[in-house]
Amino acid sequence: MAEDNDSSQEKTEEPSARKLEKAREDGQIPRSRDLTTTFILLAGSIGLFVFGRLIADKFVALTQNNFTLSRTEIFDTSAMIGHLVSSFYAGLISIAPFLAILLVASIVGPIALGGWMLSAKAMAPKFSRMNPLAGLKRMFSVKALVELAKSLGKVSVVMSVAVLALFIWQQDMMQLGALETNVAIVESVLISAYTTIAMSAVTILVAAIDVPFQIWDHAKKLKMSHQELKDEHKDTDGKPEVKGRIRQMQREIAQRRMMSQVPEADVVITNPTHFSVALKYNPDDMSTPILLAKGGDHTAFRIRDIAKNNKIDIIESPVLARAIFHTTEVDAEIPAGLYMAVAQVLAYVFGLRNFRQGKGERPVFPRDINVPRDMRYD
């Protein structure tokens, strides 16, 4: 028994839709820091490559403007403040496209895996994380060592690529000193862009490894045991006795509503002892007769009693009563196969109603009511 209990608690089942939804509400979704870093580095390096020359030219012009001062500006302290303010805005405008690219990358990167999510529970402070003992335990856990090894591995790879890039562009960097200042600044920016792109490209490989791992780890954490699945189903669907009581109440409400419609019927057709069905037909606004109520045994007697109290004609036709009972739902139209049989009964009832009002002769009840063989029930 102990072994059975232990095995039942093993989290071997895939998480249910409710578990995934609750985890998302709590802010538990797969995230990859390496993917975010890759997005930002690639976007930044590409932005530097695209806008680097423009930014370098702007800063060269800005530097020349700040170091080329007239005699009046040198001795005017307010002119220095004006230079500072204008230089600040000019520099900000020159790097604005580059900053916009970084902003977009910093937004797209985190939501590329797991999608957009804003959870108040995730942002709420958790005092359990402030426990120093718990913090030390996390610092020296196996997971922390694995993360440390991953970080060292990533740094080593990126540093190796950086050294390789510097070796490749060594001659170009050595020649910067022989170039004019303006040209040297632009060339140095381009070399920095190429080097950054090379180092950023390495992070794609790191992200390609980390993203599947984060998805797998997230799914593993959300796995459920057999008992958890049973408990969730019980909480979601409700206890059997509660569901039974709800179904009973629903039946009672439906039956009360059905019985309230019986006084509106034009005719009640009976078995005569086991089944009763109440029909309504208004030629002005109905294309087909409608079943207002039906029932067997005790319900059938109640339908007949209500019909008697409301002076509704009760017709005995066992074959037709059983056919309507088994083929038609309450508030639904009569099936096409029963049109002729129901029309015979309604014609008799409407003729009988006219006779009572002194409008014609007494109709003869149709003895041979035509019910198709495939709609006859014993």
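Tutor: Let's start with a word we will need: buried means under 20% relative accessible area, exposed means over 50%, and partly exposed lies in between, using a 1.4 Å probe and protein chains only. This is a predicted model, where local features need pLDDT of at least 70, side-chain atom pairs count only at pLDDT 80 or more, and totals for chains, interfaces and linings use all residues. Residues are numbered from 1 along each chain as its sequence is written, and side-chain values use heavy atoms, with hydrogens and water left out.

Student: Is Val 268 buried or exposed?

Tutor: Val 268 sits in strand S1, where strands (E, at least two residues) and helices (H or I, at least four) are DSSP runs numbered from the N terminus. Its relative accessible area is 0%.

Student: How are helices H3 and H5 oriented to each other?

Tutor: Helix H3 covers residues 33-67, and its axis comes within 8 Å of the axis of H5, crossing at roughly 170°. Axes are lines fitted to C-alpha atoms, for helices over the stretch in contact, and angles run from 0 to 180 degrees between N-to-C directions. Angles under 35 degrees count as roughly parallel, over 145 as roughly antiparallel, 65 to 115 as roughly perpendicular and the rest as oblique. The crossing angle therefore makes H3, relative to H5, roughly antiparallel.

Student: How many charged residues does the contact of H3 with H5 have?

Tutor: Here Ala, Val, Leu, Ile, Met, Phe, Trp, Tyr, Cys and Pro count as nonpolar, Asp, Glu, Lys and Arg as charged, and the others, Gly among them, as polar. The contact of H3 with H5 has 18 nonpolar and eleven polar residues, and the charged ones number one.

Student: How many salt bridges are there?

Tutor: A salt bridge is a side-chain nitrogen of Lys or Arg within 4 Å of a carboxyl oxygen of Asp or Glu. One of them joins Asp 217 and Lys 221 at 3.3 Å, N to O. By this rule the count comes to four.

Student: What separates Asp 217 and Lys 221 along their helix?

Tutor: Both residues lie in helix H10, residues 181-221. Asp 217 is buried at 17% relative accessible area, whereas Lys 221 is exposed at 54%. Because they are four residues apart in H10, what separates them is about one helical turn.

Student: Which residue meets Asp 331 in a salt bridge?

Tutor: Asp 331 is in the loop between H14 and H15, and it is partly exposed at 38%. With a distance of 3.0 Å, N to O, the partner is Arg 257.

Student: How many residues apart in sequence are Arg 353 and Asp 266?

Tutor: Their side chains meet in a salt bridge at 3.7 Å, N to O. Arg 353 lies in helix H15 and Asp 266 in the loop between H12 and strand S1, so the pair ties together parts whose separation in sequence is 87 residues.

Student: What is the phi of Lys 311 near?

Tutor: Most residues other than glycine have a negative phi. Lys 311 lies in the loop between helix H13 and strand S4 and is exposed, with a relative accessible area of 78%. Its phi is a positive value in a residue other than glycine, near 55°.
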